[in-house]
Amino acid sequence: MNRRDYLWKSGGGLGGIALSSMLGADKLEGSNSGPVLNQPHHPLKAKRVIQLFMGGAASHIDLFDYKPSLIKRHGEKSDFGEPVEAFQNGLGPWMKPVWEFKPYGSSGKMLGETVSKLGEVVDDMAFIHNLIGKTGVHSQATYLQSTGFDRPGFPGMGCWVSYGLGSMNDNLPTFVVLPDHRGFASNGPKNWGSAFLPAENQGTIIRLGRKNPIPDLNPPPEADYISKSAESDAQAILSKLNREHLGSRAGDTRLEARIKSYELAAKMQLAAPEALNISNEPQYIKDMYGIRPDGTTWPKEINYNEEANHFGRKCLVARRLLERGVRFVQVWSGCDNGFPRRNWDSHEDINRDHGPLSYGMAVGASALIKDLKQRGLLEDTIILWTTEFGRMPSTQGSKGRDHNPFVFTNWLSGGGIKGGVTHGHSDQWGYKPLDRDNPTEVYDIHATIMHLLGIDHERLTFRKDSIDRRLTDVHGKVIPEILA
Amino acid sequence: MPPKYSDIVVIITAYALMSGSFAEEKVEQGWWSRESLKEIKVPIGEKDNSIDRFIVSKLKKQGLLISEKADRRVLIRRLYFDLWGMPPTPKEANSFIKDPDPGAYKKLVDRLLLSPRYGERWARHWLDVVHYGETHGYDKDKPRPNAWPYRDYVIRAFNEDKPYSRFIKEQIAGDLLWPDTVDGIVATGFIATGPWDFIGHAEVPETKIDGKVARHLDRDDMVTTTMNTFTSLTVQCAQCHDHKRDPVTMEHYYSLQSVFAALDRADRPYDVKSDIASERQKLREEKKQTEQIIAENKKKIDASRTPEIVSLQNQIESIEKKLKAAKGDQKGRSPRYGYHSQVASSQGTTKWVQIDLGTQRKISSVILAGADEYGFSDFGFPHRFRLEMSNDSEFKDSIIIADNTSSDFPRPGSKPVLLNGDGSMARYVRLTATKLWSRRMKGQPETKDWIFAMGEMAVISDKELLGAKEVTALDSIEGNGRWGKSNLIDGIYGTHSLESLIASKKSKSNGYHSAFAKKINTRKWVQIELPEIHSIDKIVIYPARPTDFQDTPGFGFPERFKILLSDREDMTGADIIINETNSDYVNPGADPVVFDIDSKGGRYIRLEATKLNNPKGSGGPMLALSEMRIFSGSEEISRNARVTSLDTINSGLWHRRNLVDGYTSRRLIVDDVTEGLLRLARLEPDESEKNLKKLKVRYKDLLKSSIDLKLIEEKERLAKSLSSINSGLNALPKSKMVYAGTVHSGSGSFKGRGHAGGKPRDIFVLHRGEVTDPREPVSPGTVPGIVPEISHQFNLPEDHKEGDRRVALAEWISHKENTLTWRSIVNRVWHYHFGRGIVDTPNDFGRIGSKPTHPELLDWLAIWFRDNGGSIKDLHRLILNSATYKQVSDHHQENALTDISNKYLWRQNRRRLDAESLRDTVLFVSGKMNFEMGGPSFKDFVIEKPQHSPHYQYHKHDPDDPLTHRRSVYRFIVRSQPHPFMETFDCADPSQLVDKRGETTTALQALALLNNHFMVKMSQRFAENISESPDPVRIAFEAAISRIPSEDELVLLRSYSEQHGLAATCRIIFNLNEFSFID
């Protein structure tokens, strides 16, 4: 289906009825909204995705990618064997991982102590250590990992999944974004914007902790003239007058769709607060996610428990949204590059920022995997942990690390993913892939996830400016080694 | 024979597809949009309006019937939204409906077109297409405070009905074609409308790969925007094809990039009043002429100078330069200031910053240069400090070089502070501040913000300025490029490069260049003859990097070579001191290559290449080097020595002697910089100023006695007239700024081409679009075959100005015979009147785009429009007065069976309000609309953390803020964080070229219309606005819907109003389907 067909499918003429984000099974008669794929390209293994995105670029060598050579050569002059164009010229001596590595699980996967919580679920995780990016520029790298293109103007992965598969509920968005509570990472909402895809596929931002986590869900408090009865009477009048208006304008399905959208909005007003309310979750669940009671006060400096609390809340809400039929949830850790650092861009001091951030991430992510598993949801939910790029094995300053777009790590877990495996290796320093000719790229990660969702990534396309665009550009191959 | 256009289209579409996958369309012979525009006969028919004849004849063929004319109530609402983006007032609607004049409709069209509201509405369409935005996008999405003059230009152009060809030319090259008009300058804001990667330009230099990528993407956006907008030709993806069979089309794409190759996006000045613009132009002209005469006069004077005068003059100039530099010339100010500690709460806090030299080095002196900020040139320079060196990064064991911790150090001002080391060996140098400075602006009282800042710290070993491996500090503020540890060693002293401070000249020579060889495995040598036998300790070779050729670091550097040392010129019995002949040597690029020799004696040093480098564009394999320096100990012994070689080209900037002239291809070699730095640090400004006065007196006396007095008088007269011209220029009102495509002159990483006199960058076909793989160079041009009369290669004279390229492109696009331009614009106008173009892909008339539903009508309109002077308003009149436009939008069962999508226009299309019309209507009927036109955009957000990556907080905006109650076209458009309300209603995404907007229906829209704080507030204001009227519910309905409500509707709404209030009722009206859809 191309853009023209899409827009002209409805008999009403202009514009397609694009309601699928809310419609799901409740599809409009006569309209052709909803998913573009009437059925998957092949049998699917997973239905849902959670993407955990570490803004600022998380260090692979301090968390997941164990490099004994760095420990052995710590402090020695770094020698990459070739000229290196580093982002800020951070090419100091080799620097060993900040945290001690130990084996975990029956797979014996080596993990840095700061993410040891993930050790409890490591046999459900698949690591990829030979991922490469394109540039060391935050913005371009973030775009690349979130949209598959290194410049603005392309839909996020969640948008493509929404576009292809549509919704599994009738009262919540299809694609939800839980940004870092401190602000957006590089590019902000452009990372989950629908770009040329129909707008209903874009990520809906839910800001936990704000008074209105979903903007406009309810009238603002100052609108005291809108009482409960005024609201329900208004809905009734709107429905009546809009139906009369429709009566004399047969054949225009947009008008009916719009009436429906008000009914759906009303359903969402009930469903969303319920989905976001974690107060009735049992205490042991909250503890597992590292969640502290509301109103806990925190020190000014970045710290371990606060990071766990915030990230854990997002993970728990993500689980609740998935349970209620949301298809794609994106969870962000780290905001933009202000000072003091509140993201993973540890040019100055890995321990200072990576410590709390990675600990908090590990608590939330391991709880999420365990929780999904105990509910039987892990088998058809994919979790992807990703970041902009990695960090250099040499120091910048005495304690920091510069950008490393040449190699970094992703891990996946859940629906259709083989647990306890490592695919692809970096070289002895964690500087570039061990096999430089066969690295893994974001396209391969995207292709694999689409594959597990029953989508042939080469066949889910949208025509824009003469090009049949797709998530994976002209690249991408499924990675069989990590499939269960 | 040049390829036919039909071939080219195939190639282009093929390229266009490479970045995605092939769209499966059958390739046909010929293509409609490349056919030249030929006279079309209007079909015979009953209708007066030619459009109707085309439409009706096509409908007939399909067995369809045109629908009846809509009534006046429907028509006036349709017209108002179409031309103004707002509804009529009930009064306007009623008087039109009751107007007995049969020509009332035609008059209404004319009236609406005359109103400035029309330009505001239609400019928004244009801004969609050209992706106008007011922030850069990407990371660090910073505002463009001067983007709006372009937006005002577009509004003005529509309101004034600017002829379309002029509209085209102004936007591409108005600055050259009409330089003394406001429109001529601000229209070029068009070139800069799109996103721009701040980091990729401002923080990464063009020499780095990331910097090259950013600039390539930038040009791509300029080409894409221009070609899609004006010609509906999607050339943009011809950049990355790897098909060697069809190089032609990549060449076309890159020749279009070449048109924009001198430009960057930046603020450029313009004058609002044309008399001031021409006055400024006149004065600039006079200034140029006067300066020329001054130069001639100087030449004459110089010719009669005695050696003593020459020497005096040189002394005076050199002192003046240094004094000027010491005072700080704001022009050359670097954006990199230096190191800045974090703020301490007490003055006695100790802070330190240190340099790691990488290895132990002998330290003879250290120079500290203050930072230049807030009016100080010693900003943050500590009152007390000590300087230590150590071999231990923790400084457990250190030697103190300078201890100024017991009393306050005199404020150094702009003069660098020289601290003498004792020549000890150390790896680390640490500067520790023990008494901090109070951060403030010049003239302000001291604050309690105690800081330590430093512009530059230079460590010198003998004569060598040592490179530093890294800088560490107790703490540091790493802010927006200005402050950062690494800026302590970036060669920027205070705010100036050392080069500019000591006024060292740029290099005038490239270096040595052998004759060309046929094969790369050819032996070539070049040899230095020392005055006598020396013990050689070190050889430093600087690769060539020609300045009169494309930038090629490492140009001609041998792939394999050896260095021989001998006592005899013919090299008999030579020692091979360096042997790199067994494998290829990695080309060092811009970096010098250092060979440490273990004290070998000899007089002749020969570099012999056994395998030559053959860079792209070069005449063949050859040996080239910019400089070769031989050291004995730390003393250079080869400067200006005799150089011989097997052969040489000795031409232009190449000469044997340039191998030892002390310059690389680019600049003075670092030793001289060190000397200059030491001189600068030792210079006592006071003394030199006194000295200067004495010298000047002596100089004048000498001049009088030896040079023709008339010349001297003329000189003085000229100086006076120049100064009067300058004060005339200064007295003119300050220019305004517009963010535009312009030749930029900047410093730091974002230099632009201003420093190269506006010379465009060299553009090459980039293999697979990779900046690291440039192939053939291209010259400015465009796609062939579209204007048969004009060569697609612009064939500009050798000495053409950059703008001539844009003028050529503008002429090509606006050419009468251009097969795309005229079709493109009439189709766009049609698209906005019917919701669908005759070609449904307005940005793409290629094979992958749609075909026209009414090709004859399209061509007829294109010719009609072109030959009637390109008046868009006339085109509106023609369309709006057609029966086709005036049809009802009602469904018709039988017609729908044949043509459900209404391709053939058997009815008008019902349209949903776009985001801007929706917001404007709400403001208007609420009585809040402020019709102030133009000027800076209103911001309906709160901007937080603007220093780094601004946060645009829409939810913190007060919807009652009257400053924001302007028409939506004046809204400040943020790229990275779109306005949530507007975005919900499918407003244009300024990161994409939007030829037609999406139209979605979502529950989020319902929620936004019901609950967004703007809507909730405006429902109240709407109610207040009409509460005094006798029948407010009815008035509210009429104002918003342009229709008298039925009795049933009235009863229902009135009873609701009685129960829940008028504001809640207004809120319902805003949420009616009928409010959002125009029949």
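Predicted model: local features only at pLDDT ≥ 70, side-chain atom pairs only at ≥ 80, totals over all residues.

Asp183(B) belongs to helix H9 (residues 182-186) of chain B and Arg156(B) to helix H7 (residues 148-159) of chain B, so the pair ties together parts that are 27 residues apart in sequence. Asp183(B) is buried, because its relative accessible area is 12% and the limit for buried is under 20%. Arg156(B), at 27% relative accessibility, counts as partly exposed.

A second salt bridge in chain B links the side chains of Arg482(B) and Glu373(B), at 3.9 Å from N to O. Here Arg482(B) sits in the loop between strand S16 (470-473) and strand S17 (492-493) of chain B, while Glu373(B) is in strand S5 (residues 371-373) of chain B; the pair therefore ties together parts that are 109 residues apart in sequence. Arg482(B) is partly exposed, with a relative accessible area of 35%. Glu373(B) has a relative accessibility of 9% and so counts as buried.

The side chains of Arg151(A) and Asp150(A) meet in a salt bridge of 3.9 Å, N to O. Arg151(A) is partly exposed at 25% relative accessible area, whereas Asp150(A) counts as buried at 15%.

Side chains of opposite charge can pair when their charged atoms come close. Over all chains, the structure holds 103 salt bridges. Some of them form a network in chain A, which links Glu274(A), Glu281(A), Arg319(A), Arg320(A), Glu323(A), Arg324(A), Asp371(A) and Arg375(A).

The packing of two helices in chain B is the next point. Helix H21 (residues 855-867) of chain B packs against helix H22 (residues 872-880) of chain B at an angle of about 135 degrees, and their axes are 10 Å apart. That angle makes H21(B) oblique to H22(B), because only angles over 145 degrees count as roughly antiparallel. The crossing of H21(B) past H22(B) is right-handed.

Which residues make the contact between H21(B) and H22(B)? From H21(B) they are Trp860(B), Leu861(B), Trp864(B) and Phe865(B). From H22(B) they are Ile872(B), Asp874(B), Leu875(B) and Leu878(B). By class, the contact of H21(B) with H22(B) comprises seven nonpolar residues, no polar residues and one charged residue.

Conventions. Residues numbered from 1 in each chain as written. Chains lettered and ligands numbered in written order. Heavy atoms only, no water. Axes fitted to C-alpha atoms, helices over the stretch in contact; angles between N-to-C directions. Helix = DSSP H or I, 4+ residues; strand = E, 2+ residues; numbered from the N terminus. Parallel < 35°, antiparallel > 145°, perpendicular 65-115°, else oblique. Left-handed = near helix turned anticlockwise from the far one by under 90°. Contact = heavy atoms within 4.5 Å. Nonpolar A, V, L, I, M, F, W, Y, C, P; charged D, E, K, R; others polar. Salt bridge = Lys/Arg side-chain N within 4 Å of Asp/Glu carboxyl O. Buried < 20%, exposed > 50% of the residue type's maximum accessible area, 1.4 Å probe, protein only.
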